[in-house]
Every structure is written in structure tokens, then in C-alpha cells.
Amino acid sequence: MMAKIVPKKHPMPAQPAEERVKNFDEVPYGYDEDTAIAEALRCLQCKNPRCIEGCPVGINIPAFILKIAEKDYQSAADILKDKNSLPAVCGRVCPQEEQCEQVCIVGIKNEPVAIGRLERFAADWEAANSNKEVEPVPLTGPKVAVVGSGPAGLTVAGELVRKGYRVTIFEAFHQPGGVLMYGIPEFRLPKAIVQREIDYLKKLGVEIQLNVVVGRTVTIEELMTEEGYEAVFVGSGAGLPYFLNIPGENLNGVYSANEFLTRTNLMRAYMFPKWETPIHVGKRVAVVGAGNVAMDAARTALRLGAEEVHIVYRRSEKEMPARIEEIEHAREEGINFNLLTNPIEVLGDEKGWVNGLKCVKMELGEPDQSGRRRPVPIAGSEFVFPVDVVVVAIGQGPNPLIPRTTSGLETSKWGNIIADPETGRTSIPGVYAGGDVVTGAATVIKAMGAGKVAAQAIDKYLTSKNEEAN
Amino acid sequence: MFKIIEKQELAPTLKLFRVEAPMIARRAQPGQFVILRVHEQGERIPLTIADFDREQGTITLVFQEVGHSTQLLGALAVGDSIPDLLGPLGEPTEHPEGKNVVCIGGGVGVAPVYPEAKALHEQGYNVTTIIGARTAELLFFEAEMAAVSNQAFVTTDDGSKGHKGFVTDVLQKLIDEGKKPDFVIAVGPIPMMRAVAELTRKYEIKTIVSLNSMMVDGTGMCGGCRVTVGGEVKFTCVDGPAFDAHELDFDEQVRRLEMYKEMEKKVGGEC
């Protein structure tokens, strides 16, 4: 196939900014067939495709793109699903620009192929058009427990159930999906899509037990010694919000991003009072931090009715960790960016509600351990943002519950579970871990990559263990 | 689904449920709580475990109908099920030195203090209990408390039963009589817990109170239940719910509990 020289990615049709700030509907509409084919034709079908190496789960990218070009969308979806059990999710929230698209050959001279958008196209096409029946594998293998139903856990479950293992996922919330449900907003990842992927796993035979918090309701040890699980995968995520440790942080109106997003996404506070979980939004909101979570919180605040939303970030634009697309979307929607600005105190009124965020201006000094130039306060530059809500989105640590309640499970000094990156193996035989609880807050696809690796290792471990036993 | 197998009306707006929840019953310890949801669009609400029966696989919940969610819960009947119930959450209460303890429960706070008194009594502590309510009609667990106490007292604000006045009056009297306890566990409305804390501070009696903070997940994830203890920020859900009353910033707790007061009035109306 001869690739046409189209220098830029085909643009993604999207809801206009002035409309979308008033609703929670998905922002990008997705490619139509013609655009998808045209974009697919930009792929050079390289003999040594670098994009596959750039993908944490190793999708055969040129192959699925070729199928789109050939209008064989079902085959495209099948190729995706061969390596990725959540293509509709990854097509939306993966940082492709840092992974597959970053190494795309077309990207050297022009814009890379829009691999993510094509992935989304194929997955959405299948959901809308396919009537392929799910064929469950007979489940005769050993029992495996999966802790947490986020991207890592869902991946492990999907991989192992296909091999005939009897997999049970334990989820603390009343709904499965982990960060895909509570963290990523509806306008970026519709919950119906996550639900569809979960239903698919259920059809394959994965059992999901909700309202079970491993470490409290049942321990890992009990799962293995009393409940007959021969292996356990821990994918409990990064569920410990960091705060700034500045005065006034417990005032009414200060939220962690986790709380702000969980109230909105999982508990649907945007439909309050029909849905009964309240959220206080206020008129002027400051979101501290500049990662994807911060962008999500800022854009959510706007949709919840805030008149003015400010991102407050202590470094410069260049260091903002969020995806470029998310930053662009936020800018289009009218989010204000206050860079080189560091909060030093939350101010409150006489009733204990937030009424301001005191900040200091920063300048960049010498590089620090992260390799980024260290922000240094400018003396005398203090000023106050008059805001009534502050959302702290500066990252999360691993939830300490499982390490605390599992004796013999080794953790790092930051509380992350120590697991071999090649296998996901932890210090306890039969216990594997992956995703944010191991690496710290990362991306959906990296968690899925870790899940894949662990699933292979668990399969190997249980196969050899049971061969020995026979 | 968690089936309700017993329901009692303890007082006009005070309900008791015994619920089938074998996994929770198996691990529950005094001081721990659960989070439940009454229906699909409902909030997640934390409730202390008032009792548990490991053999029968049941837990007991006592709650006051204060808002829409608890009213919906209260409307459930025996045979109905609670769709979502997560637990046991929180750390079991740790006890200071000494064998002489006074357990104080005020209002609906009698429910969470009961399993504490019961456990301490079983462990051979010398347990004195004081339970208080506004009026006799709102008292409950009198017999249950008496059964696990070496000495049991009742107070009502209006004098309709027991001592007329506050739980702190009885505590003060005990101290005056030379029966100063080694430690106190007090659960109830914040003004009551605070009054107990102020009294015991004077006599340097270690005092533990249990908080019912605003929270979403109950596993340390949202940080909504922040509380300042001894100048340090703690999360009620994973570090508590029991804290040293003399170290606790009560003002902050009062304020944070007010956070959604206005908004909550809108729930359950026309929408």
C-alpha cells in the first residue's frame, strides 16, 4: 500500500468548547469511516514497526491499521483485542504521544499516524456493529484472586480467564472499574464504555465481588489458605491522596482531586439532588497541580457550574505533566493557567470556609533530582486568589491498607509494593502485584502492561506448581 | 445483597437492624464501622457497627434518621436487603493502660460504645457505663449496657429517667467519690464528647472519642474525613475512627460536619 503524504493527522471532530462546558458528554466525537480510512492510509506499514515496541502491551499496530484501510473493521478490532482487553478505553485515555505515536516513522518529518484515534474507531465500530458472540472458555483451572478492578486487575482477569483460570476480582467500591469509574470523567471516558468492557469480562466468566476491601473484609492470607486461591494479584492502585501540608488545608471547601472526582464521577454529584451525593463547587475554583488529574478536576469544576477555574502550578508550562491534548482542551474551555505559582496558605472566612488561596510567584533555578529546573520562590511576590474551592491534585501514593495487613509483603520506603518488573512477583510466593500500587501513579496502559506481564507469570507459576504436584 | 433479619424501633427516629453479612461479622472488632448505600442513586453513608455475631454471621447497625438517606434506610423492613455494605472499616479501638474504664454513650452514640463496653467487660476490665439522652424516650440499650457493666448509670437532660442532667455530671461525681477511672471512652454528639474531654483533661484521664466524619470511600482514598490530632492531619477512615480526645481539634470537626448541611435539604424533594 502506498501511503499518501498527508502531513498532519486528520483532525478529531469534537464538541465545540462553548457547548461542552455545559455538559458531561464526551468531548471528541471520534472519526467517521472515511476519516478513519484516510488516516489509516497514512501508515507506512513499516517492515520493522517501532510503534509496536512503543506500546506497553505490544499491539500489532500496523496490522490493525491495515485492516481499517481495507474496511475490515472486525478484523481490526480482533487484532486489538488479541493484546488489549480494553481498546475503547485505551483509544481514549492512553498517552499515545509518549508511546506508540512518539516513535512512529511518519512522525519524523510529519505528524505521526493518529494510532490512538484509529484504535478508538475500531473498538467503537465493533461495539456498535458487531454481533460476534462471546465464547467463554471452560473454566477448569486453579482459582486466582485479583484485588482491585482497575485497568491492571481487569487485564490480569481477562488474560487468565481466557486460559481457563477461575478468576474472582475483589472490589471495594460498589461498582467495578477502579480509576476508570471514579477518576476519569464522563466527558473523557464515558462510563458506559467501561461498563461494556467489564460486561465482556463477565461473559468470559470472570466473577466480580463488590464491597470487599481486601485487608479488612478478608486478608490475602485468608484468600490463599482458607478460600483456595492459588495465586493473588494485587492491583489496588494509588489510592492515597497527597496534600500540600500548608495552613488552612482542612478548611471547608478544600478537596483532594480523588474526592472531588469520585463524588462527581462515581457518585454522579453532577446530577445532585437526583443522585444524592453532594459536592460543593463554588464560584471560583483553584486546582493545584498540572497533571491529567488536575485537568480533569478543573474541567469538571467548570461543568459543575464554577464561573472561574484556575490551574495553579509551581513550575512552567514546559514541565506540566498532563497530556498536551488535555491541556489544549482545558485552554479551549477557558481554564486559566497560573504557572510558576505556588500555594502557601489556604485562607478562610469566620465560618471556616475557603475564601482565598495565598500564593507566591516562582522562578526556575538549577535542575533538581527529577532533572527539571527547581522552582524557587520570588521574595515579596505573595498574592491572594479569591477562591471558594481548592482542589489539590498533586498526586497520590499507594494505598497502605494491603501492605499494613499482609505480613511479609515487602514495600519501598514510599509504601509501594516491591514487585519484579519482569513478572510482577512480590516477596510472598504466589502473590503478584502491578499498576500504580507498584509504580506510583502512572497511566492506564502502563497498569495494563503490568497486568499482562503478571498474568503470564501467574500462568507459568501455577502451571509448574501443579505439574510438580502431579 | 445484605438481608435485614431483624428490625427494632428503639425510639421514634432511632432504628436497629440486624443484617446478614458473614464476611464482615467474621472480622469486625469494637470501634469499627461500615459504609452502606441504600439504593442505586444514594450516598455512601458510614455507620458504626453496634454489635456482631460471628456464629450467625450478622452485624447490628443502629442509626438515627437525620436526613434523607437514613430515612430511606429506616423505611426498609425485615426481609429487605441493603444493596451495598462494605466493612469492617477503620482501626479497632486501642486501649490505654489500666483496668478501670468508664464508657460513655450519648444519644445514638450508645450504639458504638456498647461493643466497646462488652469487649472490655469480657476481658475482665472494671467497666462503668454512663448513657445519656435528651429524654427517656430516646434511651436505648439500657439492659444491654447494664449486662456488660460493673456499674451502670443513666442520665436524661429533662430528668425523665435516671439522673437529671448530663453524662459529665455522673463522671464528675465518680471522680469526686474517688473512683477516678484509668481511661474513658466516650461516643456521642460532638458537644458531649468535648464536654467529657474538657472534664477529663483536668484530671489527666486518658480519653478516647470516636468520630463520625464525612467520607466517601472509607479506605483512605478521598481524604474527606481529615481531622487534626495533636497538630497532625489524620484520616478518620483509616487512622480512626477513635482518637485521643485531648489531642483532637473539635472545632474543625464541628465545622467539617456542617459542610453539606444546606445542600442536603434539597435531597429527596422535587427533582
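A patch, as I use the word, is made of residues with over 30% relative accessible area and no salt bridge, and nonpolar side chains are joined into one patch within 5 Å. Please keep in mind that this is a predicted model.

With that definition, L44(A), I105(A) and I108(A) form a nonpolar patch on the surface, and their accessible area together is about 260 Å². I108(A) belongs to helix α7 of chain A, residues 106-109. Is I108(A) buried or exposed? I108(A) is exposed, because its relative accessible area is 60% and exposed means over 50%.

Let us now turn to the interior. In soluble globular proteins, nonpolar side chains tend to be buried together. The largest nonpolar core here has 76 residues, and those touching the most other members are I61(A), F64(A), I65(A), I68(A), L118(A), L180(A) and I458(A). Helix α18 of chain A, residues 444-469, supplies the largest share of this core, with nine residues. Apart from this core lies another, of 40 residues, including V21(A), Y255(A), Y260(B) and M263(B).

Finally, consider S69(B), in helix α2 of chain B. S69(B) counts as buried because its relative accessibility is 8%, and buried means under 20%. Beyond its sequence neighbours, S69(B) is in contact with E276(A), V38(B), E43(B) and I45(B).

Terms used. Residues are numbered from 1 along each chain as its sequence is written. Chains are lettered from A and ligands numbered from 1 in the order in which they are written. This is a predicted model: local features need pLDDT of at least 70, side-chain atom pairs count only at pLDDT 80 or more; totals for chains, interfaces and linings use all residues. Side-chain values use heavy atoms; hydrogens and water are left out. Patches are made of residues with over 30% relative accessible area and no salt bridge: like charges are joined within 9 Å, nonpolar side chains (Val, Leu, Ile, Met, Phe, Trp, Tyr) within 5 Å. Accessible areas come from the Shrake-Rupley method with a 1.4 Å probe; for residues, only the protein chains shown count as cover. A salt bridge is a side-chain nitrogen of Lys or Arg within 4 Å of a carboxyl oxygen of Asp or Glu. Helices (H or I, at least four residues) and strands (E, at least two) are DSSP runs, numbered from the N terminus. Buried means under 20% relative accessible area, exposed over 50%, partly exposed in between (1.4 Å probe, protein chains only). A nonpolar core is a set of buried Ala, Val, Leu, Ile, Met, Phe, Trp, Tyr and Cys residues joined through side-chain atoms within 4.5 Å. Contact means heavy atoms within 4.5 Å. Lists of a residue's contacts leave out its neighbours within four places in sequence.
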